[in-house]
Amino acid sequence: MITSHSTTPRWLADWLLIRLSRSTRVDGLWVGEFSNERGKEILHRLREALQLIKMYDPYRYRRVLKEFDRLWAHLLPCSAACFVPALRRCVVDPRFILSSRPEVIATAIVHEATHGRLYRLNIGYPGELRSRVEKVCMRQESAFARKIPRGEEPRQWIEHRLAYSPDMWTDKTLEKRDREGEFEMARFAGLPDWLTRALLSLRAKRAGARRRGDSEHTDRAS
């Protein structure tokens with residue numbers, strides 16, 4: 001999955017969180033995690049996943065090193081991992097890392113590296129191509145999973161996702177998944193439910209106001 005990272009406040013927050021992250025380097029690649037009590041375990045699991053790719057699929061490992069400047073464990077609202085093109089970064093949810101075997105984590109990293117490759121080829125993430133792009137990345141996962149020991153579990157997971165309807169990747173569906181995921185993400189981070197609801201409601205109102213403003217601007221321009 002691909003996500004954007006466009007506003008100045010988000011850039012500033014990102015800069016601060018990166019500086020506060022625990023990190024290491026694997027073959028020159030920055031690998032880090034932000035503020036988790038199991039941070040050392042998270043970094044160890046990411047290193048294990050990278051080692052699997054390096055050992056059994058050197059070609060795709062070179063792609064990982066080429067497409068990513070950073071591999072970062074940080075909470076995500078609606079996906080196990082994502083690629084941030086503007087930052088050349090793969091972000092992996094720590095909940096996914098802690099609940100998955102290295103083989104599964106490795107396939108997710110291969111998936112996001114494929115997004116990076118497609119993005120450099122000017123194949124972005126437009127709505128009309130989104131389902132096809134995701135399937136290309138999943139097939140790269142599957143090709144990698146066939147090379148590794150104990151690859152049955154990730155292959156089953158990949159086959160299940162390949163059967164998703166194209167509707168799974170529409171803007172409307174992704175926005176809904178974001179809203180639902182943000183609530184669970186806030187709960188995992190320890191925020192009380194009432195505060196989470198208030199913050200999400202405020203953000204929804206601000207987003208609605210921006211959309212109305214954009215619409216009025218378009219009407220005036222026309």
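Hi everyone, let's start with a pair: helix 2 and helix 3 are oblique to each other, oblique being what is left once angles under 35 degrees (roughly parallel), over 145 (roughly antiparallel) and 65 to 115 (roughly perpendicular) are taken out. Helix 2 covers residues 39–56, helix 3 covers 58–67, and they pack at about 130 degrees with axes 5 Å apart. Axes here are lines fitted to C-alpha atoms over the stretch in contact, and angles run from 0 to 180 degrees between N-to-C directions. L50, I53, K54 and Y56 of helix 2 meet P58, R60, Y61 and V64 of helix 3, where contact means heavy atoms within 4.5 Å.

A word on the source: this is a predicted model, with pLDDT of at least 70 needed for local features and 80 or more for side-chain atom pairs, while totals for chains, interfaces and linings use all residues. Numbering starts from 1 along each chain as its sequence is written, and side-chain values use heavy atoms, leaving out hydrogens and water.

Now, which residues touch the most other members of the largest nonpolar core? They are L50, L71 and I109, out of 30 residues. Such a core joins buried Ala, Val, Leu, Ile, Met, Phe, Trp, Tyr and Cys through side-chain atoms within 4.5 Å, buried meaning under 20% relative accessible area with a 1.4 Å probe, protein chains only. Helix 5 gives the largest share, seven residues.

Back to L50: leaving aside residues up to four places away in sequence, L50 touches V26, L29, V31, Y61, V64, L71 and I109. There is also a second, separate core of twelve residues, including L118 and M138. Thanks, all!

Key
Helix = DSSP H or I, 4+ residues; strand = E, 2+ residues; numbered from the N terminus. Buried < 20%, exposed > 50% of the residue type's maximum accessible area, 1.4 Å probe, protein only.
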